[in-house]
Amino acid sequence: MQKIDKKTGEIHTIRIKGLWAPLPIPAFQVLARQKEWQAQKVLVCLVSFIGNEGYCVFPSYITIARACGIGQNGIRKALDVLEENGFIKIHKFYEGKKARNKYYFQDCCWDSGKMNKKASQFLKRTHMCLDCKKHIDGGGYGKGPAGKVHWGCGGPVIKIGIPKAV
Ligand SMILES: [Zn+2]
């Protein structure tokens with residue numbers, strides 16, 4: 001059931017499945033800071049193909065091109081960027097003699113704590129763990145009963161202000 005504000009039209013409940021897909025905001029932000037806008041677009045395009053079967057999609061280049069207005073070479077470059085950042089893994093499969101790609105979304109699209117070296121350079125490290133002194137971003141800690149807690153070491157976390165954008 002959906003609850004909608006009669007005045008503003010704001011949706012207060014969102015149905016899972018159907019037209020719902022989880023936008024990978026951490027990956028989207030990292031790609032923006034890298035100025036990799038085509039890769040950003042292709043990532044969102046791939047997300048739009050996520051169905052109920054899981055986090056693997058396999059649209060053809062032509063389908064991707066139609067969905068986001070980027071040519072074959074641009075798509076290829078964008079896919080390289082997504083792979084280098086560890087956001088997707090690509091596996092080839094054959095449809096008859098034709099090679100096609102399967103795209104597997106990786107956890108780090110949604111969880112900045114799992115990003116690889118390249119991607120994590122572009123995180124905004126706004127907090128620090130008082131125990132291990134690590135600087136972390138919003139995805140590196142959670143809220144416990146006693147306040148913010150560093151995932152992994154369990155130490156208390158404080159805000160250190162927003163550093164300059166990369
Ligand atoms: Zn820590």
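How do the axes of helix 1 and helix 2 cross, and within what distance do they come?

**Ground rules.** I'm working with a predicted model, where local features need pLDDT of at least 70, side-chain atom pairs count only at pLDDT 80 or more, and totals for chains, interfaces and linings use all residues. Numbering starts from 1 along each chain as its sequence is written.

**Helix pair.** I looked up helix 1 (residues 25–33) and helix 2 (residues 37–47): their axes come within 8 Å and cross at roughly 160°. Helices here are DSSP runs of H or I, at least four residues, and strands are E runs of at least two, numbered from the N terminus. Axes are lines fitted to C-alpha atoms, for helices over the stretch in contact, with angles from 0 to 180 degrees between N-to-C directions. The two helices are therefore roughly antiparallel (angles over 145 degrees count as that).

I then checked who touches whom, contact meaning C-beta atoms, placed from the backbone, within 7 Å. From helix 1, Ala-27, Phe-28, Leu-31 and Ala-32 meet Ala-39, Gln-40 and Leu-43 of helix 2.

Next I found an open sheet of three strands, order 1-3-2, with antiparallel pairing (a pair needs at least two DSSP bridges). Strand 1 (56–57) and strand 2 (88–95) sit at the edges with a single partner strand each, so one side of each lacks a neighbour in the sheet. I noted eight bridges between strand 2 and strand 3 (residues 98–105). Ile-88 faces Phe-105 in strand 3.

**Domains.** The domain assignment, automatic or from a database, gives domain 1 (25–109) and domain 2 (123–159). Their C-alpha centres lie 31 Å apart.

Methods. Angles under 35 degrees count as roughly parallel, over 145 as roughly antiparallel, 65 to 115 as roughly perpendicular and the rest as oblique. Two residues are in contact if their C-beta atoms, placed from the backbone, lie within 7 Å.
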